[in-house]
Amino acid sequence: REELEVGFSPLTPGLNVLTMDFSGKAVKEVKVYLSMPPTYNVEYKTFKVDENTFKITGNLLHASGTMSMEVATFYQDGTKEKFLYKVVVPGELRFNE
C-alpha cells in the first residue's frame, strides 16, 4: 500500500491549502471529495507541484465540524487507490444566527 501525508493550512474555516505528499509509485492524477452533513458534497481536481506533491487551494473548509475526505489517486501504471480521512475543523458551532 502506498503512503500519503496530508495537511491543511490553516486548519480553520476560510481560505485553505491542502497539500498531499505521496511516497511510492508515480502519481498521474488526484481527485479529492469533501463532504459534511447534511448536503455539502464537492469534488476537487488537484494541481501537481512536483513528482509526488499535489495541492488544492480555496475555501475548502467552509465550517467548523467533522468532514469526510476521500482522496482518489490514479497512478501512472494505470492502478488507482482511495485514501479515506476524517477532518475535524475546530471552532464554535453557531445555528440560526
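**Legends to close-up views**

**View 1. Phenylalanine 74 stands opposite lysine 80 of strand S8.** The model shown here and in the other views is predicted. Strand S7, residues 65-75, is joined to S8 by 10 bridges, and the two strands run antiparallel. Another bridge position in this view is serine 68, whose partner in S8 is lysine 86. Four residues lie between the strands in the hairpin of S7 and S8. Within that hairpin, glycine 78 has a positive phi, near 95°.

**View 2. An open sheet is built from four strands in the order S4-S3-S7-S8.** The pairing in this sheet is antiparallel. Its edges are strand S4 (40-45) and strand S8 (80-89), each of which pairs on one side only. From one strand to the next, the twist averages 20°. As background, the strands of a sheet pair through backbone hydrogen bonds, in either a parallel or an antiparallel arrangement.

**View 3. Strand S3 pairs with S7 over eight bridges.** S3 covers residues 27-36, and its pairing with S7 is in the antiparallel sense. At valine 27, the bridge partner in S7 is tyrosine 75. The ring of tyrosine 75 has a further neighbour in this view: lysine 25 lies over its face, at 4.4 Å from the ring centre.

**View 4. Phe22, Phe54 and Phe83 form one aromatic cluster.** The count of aromatic pairs in the model comes to two. Phenylalanine 83 is buried, as is phenylalanine 22.

**View 5. Threonine 53 makes side-chain polar contacts with aspartate 21 and aspartate 50.** Threonine 53 belongs to strand S6, which covers residues 53-61. Its relative accessibility is 11%, so threonine 53 counts as buried, the limit being under 20%. The polar contact between the side chains of threonine 53 and aspartate 21 spans 2.6 Å. The one between the side chains of threonine 53 and aspartate 50 spans 3.0 Å. With neighbours within four places in sequence left aside, threonine 53 is in contact with Thr19, Met20, Asp21, Phe47 and Lys48.

**View 6. The peptide bond from serine 9 to proline 10 is cis.** Omega for this bond is near -10°. Proline 10 is located in the loop between strand S1 (3-9) and strand S2 (14-23).

**View 7. The peptide bond from proline 37 to proline 38 is cis.** Here omega is near 5°. Proline 38 is located in the loop between S3 and S4.

Notes:
Residues numbered from 1 in each chain as written. Predicted model: local features only at pLDDT ≥ 70, side-chain atom pairs only at ≥ 80, totals over all residues. Heavy atoms only, no water. Pairing = 2+ DSSP bridges. Axes fitted to C-alpha atoms, helices over the stretch in contact; angles between N-to-C directions. Buried < 20%, exposed > 50% of the residue type's maximum accessible area, 1.4 Å probe, protein only. Polar contact = N/O pair within 3.5 Å; in protein donor to acceptor, adjacent residues only side chain to side chain. Contact = heavy atoms within 4.5 Å. Phe/Tyr/Trp six-rings, centres within 6.5 Å; stacked < 30°, edge-to-face > 60°. Lys NZ or Arg CZ within 6 Å of the ring centre and 35° of its normal.
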